[in-house]
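Please open the structure in your viewer and keep the selection tool at hand.

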Amino acid sequence: MRIRLQHTFGCPTYALNNKLQGGKSIPKWQERARVGIYLGLSPQHSRSVALVLSLTTGLVSPQFHVEFDDLFETVGKRAGNPTTVSKWQVLSGLREGVASITENTTVSEGARHVTAPAPSAYIPPAEIETFPDEEFPAPVELQVPIEPAPFEGTRRSTRTHQPTRRFLVEGLEQEDIALAFQCDESMDYELELQAAKADPIAFAASSGPDNLYLHEAMREPDKKQFVEAMKKEVSSHEDDHHWELTKRSSIPKQHKVLPEVWTMKRKRRIATREVYKWKARLNIHGGKQEKGVNYWETYSPMVTWNSIRIFLILAIVNDWHTRQIDFVLAYPQADVECDIYMEIPRGFQLPAGENSKDYALKLRRNLYGAKQASRVWAQYLTKGLIARGFVQSKIDECVYYRGDMILLAYVDDCIILSPNDQDIDDVIKLMKEPCKDTRAFDVTDEGQLSDYLGVKIERQDDGTILLTQPHLIDQIISDLGLKANTKTKDLPALSSKILNRDTNGHPFREEWHYLSLIGKLNFLEKSTRPDLAYSVHQCARFSSDPKASHAQAVKQIGRYLMANRDKGIILQPDANMGLEDWVDADFCGNWDRAYAVEDPTTARSRSGYVIRFCGCPVTWRSKLQTEVALSTTEAEYVALSHSLREVIPIMNLLQEAKDANIDVHQYNTT
């Protein structure tokens, strides 16, 4: 279970007002939340649903819209908080009479016995309920009636009994426990983010100004081009019979009619930034799908940058020809996995006299937006390629071999490499024809490889390949608000300062979105800029709670990029060199005694490695180790272990290519 979902047992918990949860408004001065006691996570609901004990009703209910006070700061005396009235002990039968958690509660002798009410009826946990809203009385000191103690001797004590205050724990010990939870939660977030950053292609999708929804596109000056693209999209689906019109009354009750979503995109040339295509894509709302009803598995493989760089290097060494192909409306080329129904899209015309509310579209083909759409297309593509003589790699599922030809697939964008250019033409022609039990692919030949996944690929006169991302760098500079006259930097990070959590620092107040910038910087670093590995990773560590100091570190990277916008990786292989793994470790390099208490991660060492093939970088990494090393030697071994986890698959891929008759015989892959 994730540490971030763990909270201190018994801590004050504030549940949102019922009316506010329902989207209604309440009087300005009415309480927005009700305080309760946290009893753990609900075993019957999602892991984010908490069980909360009401102080006024004594009932326990599952709550989702809650805030936790793990440090007990809202109930402590020194915080100046009002006294909280508590009745749950009496209502639940744990105490007799009426009680409240107050500091100066007194006891009257001879108070009469009050019978506690019977426990409330069981409330099924199937539905999340909220405790009722009530007007809380002003804090007052109430007497706690109790029964007189039994006579045990010749005299009895007149000492005043105080109720247990187990939920008002204060002091350094409790704060230390809560602080440890915060540190563990932050460390858990950092490790998850670090693992996600390992695959840069996962960050390729962007919400830039060229990616729009329908309502946004209709406000743009080029909306006419988007309208034409919408008409073309609907006509393509209609002409290829991707759906059929059906009455809603005939749809089985277990199937929902899913909404449609229009997404628009301007496609630009990386070198000139010229818009050469307006795309409108009709999607189904996958967020409304139900597992087990209209989808099951969703995993779909993607080609890795390691494989792309390996075969680009081999293409230079062996003087191979390269070609880029694109599948037109790729997903709908595959059949739908199960019955899926979609609403009538905007722009779709029904016959005269028919009401669109009475009809829906039953999909015949795999439409974009469905949760399983990518997986269904990948399986269809693999089946079609195997029918045409390709063999799928067992190391990278998106690499295919056919004789001395290699095909790399990222969804609908593919690269073909071969020693013979005519063989590539023959394969593209073969794809456009039916083969065995597979239909013909609708594919276009994009010509020589020039840009792929947002990376500009330039083949130089000397045969080398230059990989750059000037467009992405321009986006980053623009997002940061840096002007042309902004002073540039020579280094991406300050060599005299190590970033820390800076818990007491000034808050982040920039107009740009911190995590969005980190995603773009990570994609840039993992694709073409290994010189940013350390600086980007340092900034990414604090994405959950960025401060002003972290914003300055990101701006430092932006100013560095302004000075070398057109720089990137140059693939200039040396055929006499094989596979190399350069590894180093920085033993406790982030250790800072001043911040060690609030940030234990400063004790972790850093691993850094670069894996090269024929003298060209294939993959690189700078990251904190997941465990605390006790010596330099241990840190070095941990770093070596992590790097070999990437080296071994690369070795296996080269050996597999060699076994498939790909020309890698001059390299030692054993």
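In this tour, an axis is a line fitted to C-alpha atoms, for helices over the stretch in contact, and angles run from 0 to 180 degrees between N-to-C directions. Helices (H or I, at least four residues) and strands (E, at least two) are DSSP runs, numbered from the N terminus. The model is predicted: local features need pLDDT of at least 70, side-chain atom pairs count only at pLDDT 80 or more, and totals for chains, interfaces and linings use all residues. Residues are numbered from 1 along each chain as its sequence is written, and side-chain values use heavy atoms, with hydrogens and water left out.

**Stop 1: the whole chain**

Display the protein chain, which holds 13 helices and 25 strands. Of its 670 residues, 44% count as buried; buried means under 20% relative accessible area, exposed over 50%, and partly exposed in between (1.4 Å probe, protein chains only). A contact means heavy atoms within 4.5 Å. Among contacts between residues at least 6 apart in sequence, 73% join residues at least 24 apart.

**Stop 2**

Select helix α9 (residues 470-480) and helix α12 (residues 548-563), whose axes come within 10 Å and cross at roughly 135°. That angle makes α9 oblique to α12, because angles under 35 degrees count as roughly parallel, over 145 as roughly antiparallel, 65 to 115 as roughly perpendicular and the rest as oblique.

Which residues of α9 and α12 meet? From α9 come Ile473, Ile476, Ile477 and Leu480, and from α12 come Val554, Lys555, Gly558, Leu561 and Met562. The residues of this contact divide into seven nonpolar, one polar and one charged. Here Ala, Val, Leu, Ile, Met, Phe, Trp, Tyr, Cys and Pro count as nonpolar, Asp, Glu, Lys and Arg as charged, and the others, Gly among them, as polar.

Remain on α12 and select Ala551. Ala551 counts as buried because its relative accessibility is 1%. Leaving aside neighbours within four places in sequence, Ala551 is in contact with Phe508, Glu510, Trp512 and Tyr514. Ala551 and Leu480 are 71 residues apart in sequence and 9.5 Å apart in space, C-alpha to C-alpha.

**Stop 3: a strand residue**

Next select Ile570, in strand β22 (residues 569-571). Setting aside neighbours within four places in sequence, Ile570 is in contact with Thr464, Ile465 and Leu466. Ile570 and Glu458 are 112 residues apart in sequence, yet 9.6 Å apart in space, C-alpha to C-alpha.

**Stop 4: the nonpolar cores**

A nonpolar core is a set of buried Ala, Val, Leu, Ile, Met, Phe, Trp, Tyr and Cys residues joined through side-chain atoms within 4.5 Å. The largest one has 119 residues, and those with the most contacts inside it are Phe311, Phe327 and Met431. Helix α6 (residues 305-318) gives the most to this core, with nine residues. Apart from this core lies another, of seven residues, among them Cys11, Ala15, Val52 and Val66.

Now centre the view on Phe327. The residues that Phe327 touches, not counting those up to four places away in sequence, include Trp377, Leu381, Met431 and Phe441.

**Stop 5: two positive phi angles**

Most residues other than glycine have a negative phi. Select Leu329, in the loop between β11 (321-327) and β12 (341-342): its phi is positive, near 45°. Leu329 counts as buried, at 16% relative accessibility. Finally, select Val411, in the loop between β16 (405-410) and β17 (413-418). Val411 has a positive phi of about 55° although it is not a glycine.
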